[in-house]
Amino acid sequence: MQASFTVNGTVRSVDVPEDMPLLWILRDKIGLMGTKYGCGIAQCGACTVHLDGIAVRSCQVRAYELDGAEITTIEGLGTPDTPHPVQEAWIETQVAQCGYCQSGQIMQAVSMLSDNPSPSDDEIDDVMSGNLCRCGTYPRIREAVRLAIQKQGA
Amino acid sequence: MQSLFRIFMPVFVCILGTISWADGDTPATISAPAAGSVTPAEGLAAFDRVYEVVSHPRCANCHTGPDNVPMWYGDSAGPARPHGMNINAGQSRIGVETLICSSCHRTSADLRSAPHAPPRAGLDWQLAPVEFEWFGKTPAEICAQLSDPDRNGGRDWMGLAEHLVDDAGHFGFVLWGWNPGGGRDPAPYSLQAHVDDVLIWGVAGQPCPVDTN
């Protein structure tokens, strides 16, 4: 099928099987490698992107859902010169260890702060528990979210 | 031959892994027994089967109480346990306060899913209204809830049967209960048998069992 949608502000049109996951469209068809494959069954959150402004697991979004959609990936969040405040907070807190899950963590955190600019620690845990980190960086993730809240002026 | 095709076509399609039916058809039909034709004993027997369905994990796991926590398993996969990842659907019952259910459970008429992957349905994934708490409830408690319009969406027994057929017609959770994909145990009996049992129970006057303990 032909699917036309926007990725990070650029209109894309791809010819793919209708049940192809968005994750593979992003990585294999469009060449955006920042979104990671972790489990393929929405158990880990590594592949989180924004679809029409909502955090979703891209391994579960199929091509037939994409026509007209607006997708944001980690590459579209900020730039190396002007990172998103959440990316700034992640860097200043030095959250990442191996880093593999962190693009999904950041995309989920941005979505959370968009909905709730000043979440409590419990609310941070409720939202971020779907994003696993085998390096165990959870304390620094929570610390970075708190810093991002300050940076965003909540 | 054409009628045979219409009868068996859904079976063939299910074998292929996709559920479909022709325009104008419905996934189940409503045909109530004549008034006065069902004894209270037959009505109670029908409710016993209704209870088997609504207390099955495919149904009860998302009919949980005011803690707003969906359940996993409770079938051949193992004992029931709270949904992993600390999931809480919030008072919205659809997760907007925390992580919206459709972040993982996509809305799609394609009910297929991989083992252990989040199932999908044609309606936005969500917990049932809290008044419909079925998980861990007794037959008498569930029968009382289903009989109470203040706690069942304002429905009489015919309204309950129509709700089942309407939800299934949208590839919703009712249809999913018998087509859960991913190697999950389906609800017992069939959608049509369940609709028929609700109608039998209704015509019998909605008799309810009495809890013995």
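Because the model is predicted, local features need pLDDT of at least 70 and side-chain atom pairs count only at pLDDT 80 or more, while totals for chains, interfaces and linings use all residues; side-chain values use heavy atoms, with hydrogens and water left out.

**View 1. Where chain B meets chain A.**
Let's begin with the contact (heavy atoms within 4.5 Å), to which chain B gives 19 residues and chain A gives 19 residues. Together the two chains bury about 1,700 Å², with 48% of it on carbon and sulfur atoms. Buried area here is the accessible area (1.4 Å probe) that two parts lose on being put together, summed over both. On the chain B side, B:Met85, B:Leu99 and B:Arg106 lose the most area to chain A, together 32% of what that side buries.

**View 2**
How many salt bridges cross the interface of chain B and chain A? The rule finds two, a salt bridge being a side-chain nitrogen of Lys or Arg within 4 Å of a carboxyl oxygen of Asp or Glu. In this view B:Arg106 meets A:Glu65 in a salt bridge, at 2.8 Å from N to O. Seven residue pairs are in polar contact between chain B and chain A, both residues at pLDDT 80 or more. A polar contact is a pair of N or O atoms within 3.5 Å; within protein, one must be able to donate a hydrogen and the other to accept it, and residues adjacent in sequence count only if both atoms are side-chain atoms.

**View 3. Two domains in chain A.**
In domain 1 of chain A, 19 residues are in contact with twelve residues of domain 2 of chain A. The area buried between these domains is about 1,200 Å², and carbon and sulfur atoms give 54% of it. Across this interface the rule finds zero salt bridges and six residue pairs in polar contact.

**View 4. A salt bridge within chain A.**
Over all chains the structure holds eleven salt bridges. A:Glu88 forms a salt bridge with A:Lys151, with the closest N and O atoms 3.4 Å apart.

**View 5. An aromatic pair in chain B.**
Rings of Phe, Tyr and Trp (its six-membered ring) pair if their centres lie within 6.5 Å; planes under 30 degrees apart count as stacked, over 60 as edge-to-face and the rest as tilted. By this rule there are six aromatic pairs over all chains. The ring centres of B:Trp125 and B:Phe173 are 5.3 Å apart and the planes are at 85°, so this pair is edge-to-face.

Conventions
Residues numbered from 1 in each chain as written. Chains lettered and ligands numbered in written order.
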